[in-house]
Amino acid sequence: MVENDIFIVKGLSPIVNIPTVPLGKLIYDKLVLNNNENKALINGHTGESISNKKLLGRIMCLSECLLKLGCGKNTVVTICSENCIEFFIPVIAALYIGAIVAPINHNYTKREIRHAIDISKPKIIFCSEQVFPKFSELKRKVNYIDKVLIINDTTTTEGAESMTSFVRKSLRKGPLLYRFRPAEVEVANDVAFILYSSGTTGLPKGVMITHRNVLTIFAQNDDPRITNQDEGRCILGILPFFHAYGMIAGLNNIYKQTKVIVLKKFEEHLFLKSIGKYRISSLLLVPPLLVFLAKSRLLHYYDLSSVKEVFCGAAPLSKNTEDEVKRRLKISSVRQGYGLTETTLAVIKMPLGHNKSGSSGRLLPYMLCKIRDPETGTSLGPNQIGELCFKGPLVMKGYYGNAEATRSSFTQDGWLLTGDLGYYDNEEYFFIVDRLKEVIKYKGFQVAPTELEAILLSHRKIKDAAVLGIPHEASGELPLAFVVPNPSSGLTEEEVKRFVAAKVSPEKRLRGGVIFVPEIPKNPSGKILRRELRELLTKKYKSKL
């Protein structure tokens with residue numbers, strides 16, 4: 001296939017330079033400059049906090065300990081925990097010494113965790129008490145994990161060591177804190193993060209995010225056309241920190257000295273109470289939370305007048321929900337963005353003060369985009385639908401330890417293939433239409449149908465199976481299974497749901513239901529014809545009307 005680059009869209013003209021120093025050093029310099037008692041992170045549940053000064057000290061102490069343990073450049077450090085005020089201590093400490101951070105979803109099953117750590121092979125793991133038993137067992141089965149530590153300050157788990165205890169023992173003679181210097185890394189090529197992203201091939205792949213990828217986000221967030229620059233703001237840290245959205249937003253807030261109110265999980269009353277208590281002006285959310293804001297009667301009992309803007313990412317947002325949130329919060333716009341783990345975060349955002357219904361916004365500075373005909377490779381002009389492809393400093397380095405998957409994700413001339421269909425209008429505002437990829441997006445999480453299909457086919461009563469996502473306003477999409485049962489098996493829907501639920505994390509459960517069919521439609525090469533399944537689903541729903 002001959003690629004054609006006649007129509008190329010350039011991002012907004014850059015007005016902020018991308019930093020050229022390593023990410024760890026950039027954050028280190030800012031914390032040293034602001035070595036004060038101002039609160040950096042506050043536990044929204046208990047009120048416990050960590051000041052800038054304490055945060056800097058704890059990060060440097062842990063960095064010294066990691067070096068003593070033999071960690072350094074290219075060592076992989078994993079964090080697997082619910083949101084907590086200690087979460088970013090090992091993250092930044094690892095960046096200080098040039099290590100690679102590989103966060104893992106704390107809701108993963110033992111099977112999913114094993115797959116993830118087999119990709120990155122972490123030397124040390126910081127986890128919550130909830131998941132410690134899984135890692136403790138896995139440590140005995142693999143030869144690359146040296147230590148598993150509880151990330152919280154104290155632990156009641158038998159046989160477990162807390163991060164605080166580890167630091168205290170390692171630095172008995174006292175740390176030489178202010179002689180510490182962050183490691184030098186090659187900003188453009190060295191990997192800062194391995195973030196796990198599911199594709200259509202099944203289990204998660206490790207996306208390599210370089211220092212420059214993240215530094216580009218930092219530069220874009222310093223651009224007043226894109227991000228509110230008001231000082232003294234507070235941000236709710238409710239998005240999962242293991243996810244690219246929560247991780248990089250959290251790091252950037254620490255760098256920008258924006259106070260983060262950390263919420264372990266979504267609790268309706270605490271969420272609304274925190275907005276009023278801390279006078280939150282900017283909300284960084286995902287669609288399910290906006291559906292809550294659009295529909296919940298609880299809003300009448302809380303003061304939300306501080307909210308001036310809402311940004312929504314990770315999954316599409318319906319126009320009805322957007323309009324209702326604007327009405328109820330009395331704000332002029334709900335801004336959206338488009339991105340994926342492979343582009344570090346958003347590559348398209350609606351600029352501040354702009355509003356175009358249905359659009360995800362404009363291409364961000366330093367980036368290039370083309371809309372590509374998937375069949376011919378030809379670039380398409382305005383108002384023509386094709387696959388979104390990107391080049392620029394936000395694009396991942398590749399998949400960790402998976403050269404074949406990396407090659408298949410790029411065109412021969414280096415454009416990242418997103419698998420998403422869209423177009424741009426005459427003013428270069430982008431609109432996302434559909435997906436070439438079959439990945440299901442449930443509440444911002446990516447669910448690979450092929451992974452669920454493999455699990456279903458392992459059931460002795462199931463002859464064949466296929467999975468697809470069905471639209472759902474609150475969650476984006478719900479995984480639904482088409483199942484061909486073995487004759488006279490007596491298989492029930494609940495039996496199938498329980499079987500899958502026991503093997504996967506919560507976001508991958510068959511919340512869309514199970515439909516029994518006589519066969520799964522496939523093409524001559526054996527590929528599932530999901531289009532025909534969707535047609536079958538449409539007919540099934542119509543027959544009930």
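The model is predicted: local features need pLDDT of at least 70, side-chain atom pairs count only at pLDDT 80 or more, and totals for chains, interfaces and linings use all residues. Residues are numbered from 1 along each chain as its sequence is written, and side-chain values use heavy atoms, with hydrogens and water left out.

Me: Why is I238 called buried?
Reply: Buried means under 20% relative accessible area, exposed over 50%, and partly exposed in between, with a 1.4 Å probe and protein chains only. I238 has a relative accessible area of 9%, and is therefore buried. I238 is found in the loop between β11 and α8; helices (H or I, at least four residues) and strands (E, at least two) are DSSP runs, numbered from the N terminus.

Me: Which residues is I238 in contact with, leaving aside its neighbours within four places in sequence?
Reply: Contact means heavy atoms within 4.5 Å. With those neighbours left aside, I238 is in contact with N83, L263, F266, F271, L285 and L289.

Me: What makes strand β10 largely enclosed by the rest of the structure?
Reply: Strand β10 (residues 205-210) has six of its six residues buried, so it is largely enclosed by the rest of the structure. K205, V207 and I209 point one way, whereas G206, M208 and T210 point the other way. In a regular strand the side chains alternate between the two faces of the sheet.

Me: How do you know that β9 and β10 pair?
Reply: Two strands pair if DSSP finds at least two bridges between them. Strand β9 (residues 191-197) and β10 have six bridges, in the antiparallel sense, and F193 has I209 as its bridge partner in β10. Strand β21 (residues 398-399) also runs antiparallel to β10, with two bridges; here V207 stands opposite Y399.

Me: What makes K205 a charge over the ring of Y399?
Reply: The rule requires NZ of Lys or CZ of Arg within 6 Å of the ring centre and within 35 degrees of the ring normal. The charged end of K205 is 5.0 Å from the centre of the Y399 ring and sits over it. The charged end of K30 likewise sits over the ring of Y255, at 4.1 Å from its centre.

Me: Why is the aromatic pair of F88 and F241 called tilted?
Reply: Rings of Phe, Tyr and Trp (its six-membered ring) pair if their centres lie within 6.5 Å; planes under 30 degrees apart count as stacked, over 60 as edge-to-face and the rest as tilted. F88 and F241 are 4.8 Å apart centre to centre, with 55 degrees between the planes, and form a tilted pair. This pair links distant parts of the chain, 153 residues apart: F88 in helix α3 (residues 88-96) and F241 in the loop between β11 (234-237) and α8 (244-255). Both residues, F88 and F241, are buried, and together with F87 they form one aromatic cluster. Another tilted pair is Y424 and F430, at 5.6 Å centre to centre and 45 degrees between the planes.

Me: What makes β13 and β17 edge strands?
Reply: An open sheet of five strands has the order β13-β14-β15-β16-β17, with mixed pairing. In this sheet β13 (282-285) and β17 (362-363) each pair on one side only, and they are the edge strands. Four bridges join β13 to the parallel strand β14 (residues 309-312), where F311 is the bridge partner of L284.
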